[in-house]
Amino acid sequence: MNFQGSRRRGEDGIAMVIDFLLSNARLILGVGGAAMLGIATLAVKRLIERAGRAADDEKVEQKMAESWEELSLVSASPTLIKKGIKGVVMKHVAKAAKQQKADLCQQPQMSSLESKPESKSKRLQLCVLSLQERLQQYYHTRAALTPHEVQRAQSQALDICTEIQGFLHSRLPDMPLGEMSLGGSLLDDLQVVSADHACLLVPLQLEASLWRLIPGEETLLTHPLHWMVRRVNLEYFPRGRSYWDRYLVGGYLSAEAVVNMFSKAVMETINWPSISSTLDCLVRPVLGGPELKLEIRPGNEWAESSDQSLFISMLPLLREGDVVLTAQPELTSPWVNAWHLSLYPWETQRLTQLDTADDGYRRHTLKILKAACRLNPALRPLQAAPLANLILHLSDSESDWSEISVHVRFQQCITELIGYLEQEALHSYFKPAVNLLSGLSEDQVDQMGFMLYCAVSEPEILLI
């Protein structure tokens with residue numbers, strides 16, 4: 001912590017405690033202990049800042065009482081704090097803070113007037129905004145995208161969509177495909193920070209009498225998100241009657257085989273330099289992974305282009321009613337026949353319905369959370385799906401999602417997320433058997449727990 005020159009006395013006591021605790025926190029405290037230490041440190045820091053601004057002993061006592069109330073947050077989650085750790089930390093912090101209080105009370109009352117007017121005005125500027133105002137400022141400056149940025153990204157993605165669809169119609173005219181379109185967060189106004197990715201939806205058309213979509217719970221995999229597509233009526237319509245029979249593996253349409261086909265037919269065959277020249281941008285496939293992905297950058301030379309790349313994911317999919325299955329081997333590996341049930345359309349539609357019904361700010365809050373997680377290295381592993389489901393679950397118990405309540409809901413989301421991390425489980429709103437936190441490592445949970453516990457008392461640290 002950096003202190004003002006007028007508060008130098010007693011600094012060594014605080015610094016020694018903090019250095020000792022921080023150097024050993026990650027080794028012996030774990031999530032709860034390290035997080036509790038972060039809260040205690042922030043509370044003492046606020047105590048010192050408030051006491052330094054006080055003009056007399058009475059105000060010092062009042063401000064210190066407020067700061068020590070914040071330290072009660074340390075015991076908010078006793079199940080996370082290892083035996084003996086809480087007492088040790090509180091003892092050292094209290095001792096150092098007591099010494100700091102004595103030093104502060106001995107300072108002349110005129111010491112606050114000796115500081116430069118510029119530094120005082122800067123401190124006042126930092127304290128003038130409420131959390132609600134900070135959230136609105138953060139939304140407009142960091143989370144929300146400008147209409148021009150969105151329009152430019154959508155235009156580039158649509159140009160690529162037109163080129164790919166035209167190529168497939170000319171190269172593989174008998175392939176039954178639906179009309180390609182854009183999808184995902186860029187189209188649904190849920191993308192944050194920068195317009196850097198888009199989805200190109202490629203619907204496959206299946207004959208209803210020849211194919212059956214099998215829910216994940218009914219398959220041998222028993223995974224609710226891993227569906228399979230079985231070829232039926234072979235006795236009446238033998239193999240070869242459907243175009244997609246050539247991608248059968250063991251009687252099922254293989255998602256991996258379909259992706260491999262598009263990789264060879266599109267990513268490795270299209271003349272991308274020619275398309276780059278036509279569209280006045282640089283287009284190239286991103287090879288070496290299971291995804292069908294393109295990278296687009298404006299300009300004529302890679303080295304001279306400073307604009308951020310736009311990544312377009314080509315997503316083969318199947319639709320039947322409100323069920324959308326996508327071919328994403330990176331999500332269904334090692335099962336070559338498995339298709340991924342996408343819950344994104346359901347989640348987005350539900351959020352929109354709820355906001356439309358009560359003029360709520362759920363999507364607004366979601367975008368703030370997404371931006372905070374994306375810009376914070378410790379929270380970056382949290383993807384959009386857990387955050388969207390967090391808000392959906394919270395909407396079942398909280399009905400006020402008005403604009404003036406955004407700061408309350410934001411703080412509540414932090415608290416709820418801590419609870420889910422404690423349980424190491426955040427169940428999908430539409431598929432409770434799915435744990436949306438199952439892909440996180442123990443170290444990632446540890447780092448996120450520490451950051452979120454600190455944000456309980458200082459939510460502004462997520463808005464930097």
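**Helix packing and local features of the predicted model**

The crossing of helices α15 and α16 is left-handed. In this predicted model, α15 comprises residues 406-423 and α16 comprises residues 442-457, and the two pack at an angle of about 150 degrees with their axes 10 Å apart. Because angles over 145 degrees count as roughly antiparallel, α15 and α16 are assigned to that class. On the side of α15, the contact is formed by Ile414, Leu417, Ile418, Leu421 and Glu422, while α16 contributes Val445, Met448, Gly449, Leu452, Tyr453, Ala455 and Val456. By residue type, the contact between α15 and α16 consists of 10 nonpolar residues, one polar residue and one charged residue. The loop between α15 and α16 contains Glu424. The phi angle of Glu424 is near 60 degrees, a positive value in a residue other than glycine. Glu424 has a relative accessibility of 56% and therefore counts as exposed, the cut-off for this class being over 50%.

A second pair of packed helices is formed by α7 (residues 131-143) and α13, which meet at an angle of about 65 degrees, with 10 Å between their axes. This angle makes α7 roughly perpendicular to α13. The crossing of α7 and α13 is left-handed. Residues Leu135, Gln136, Tyr138, Tyr139, Arg142 and Ala143 of α7 make the contact with His364, Lys367, Ile368, Ala371, Ala372 and Leu375 of α13. Eight of the residues in the contact of α7 with α13 are nonpolar, two are polar and two are charged.

Helix α13 spans residues 362-375, and the loop between α12 (344-358) and α13 holds Asp359. For Asp359, phi is near 55 degrees, which is a positive value in a residue other than glycine. With a relative accessibility of 61%, Asp359 counts as exposed.

Helix α8 extends over residues 147-171, a run of 25 residues. The buried residues of α8 are Val150, Ala153, Gln156, Ala157, Ile160, Cys161, Ile164, Gln165, Phe167 and Leu168.

Two further loop positions were examined. Ser242 lies in the loop between β4 (226-231) and β5 (248-249). Its relative accessibility is 3%, and Ser242 therefore counts as buried, since the cut-off for a buried residue is under 20%. When residues up to four places away in sequence are not counted, Ser242 touches Glu207, Leu210, Trp211 and Arg231. Of these contacts, Glu207 is 35 residues from Ser242 along the chain, and the C-alpha atoms of Ser242 and Glu207 are separated by 7.4 Å. The other position, Pro334, is located in the loop between α11 (329-332) and β11 (339-341). Ser333 and Pro334 are joined by a cis peptide bond, with omega about 10 degrees.

For the protein chain as a whole, 16 helices and 11 strands are assigned. The chain has 464 residues, of which 48% are buried. Among contacts in the protein chain with a separation of 6 or more, 64% are between residues 24 or more positions apart.

Notes
Residues are numbered from 1 along each chain as its sequence is written. This is a predicted model: local features need pLDDT of at least 70, side-chain atom pairs count only at pLDDT 80 or more; totals for chains, interfaces and linings use all residues. Side-chain values use heavy atoms; hydrogens and water are left out. Axes are lines fitted to C-alpha atoms, for helices over the stretch in contact, and angles run from 0 to 180 degrees between N-to-C directions. Helices (H or I, at least four residues) and strands (E, at least two) are DSSP runs, numbered from the N terminus. Angles under 35 degrees count as roughly parallel, over 145 as roughly antiparallel, 65 to 115 as roughly perpendicular and the rest as oblique. A crossing is left-handed if the near helix is turned anticlockwise from the far one by less than a right angle, and right-handed if clockwise. Contact means heavy atoms within 4.5 Å. Ala, Val, Leu, Ile, Met, Phe, Trp, Tyr, Cys and Pro count as nonpolar, Asp, Glu, Lys and Arg as charged, and the others, Gly among them, as polar. The expected span of a helix is 1.5 Å times one less than its number of residues. Buried means under 20% relative accessible area, exposed over 50%, partly exposed in between (1.4 Å probe, protein chains only).
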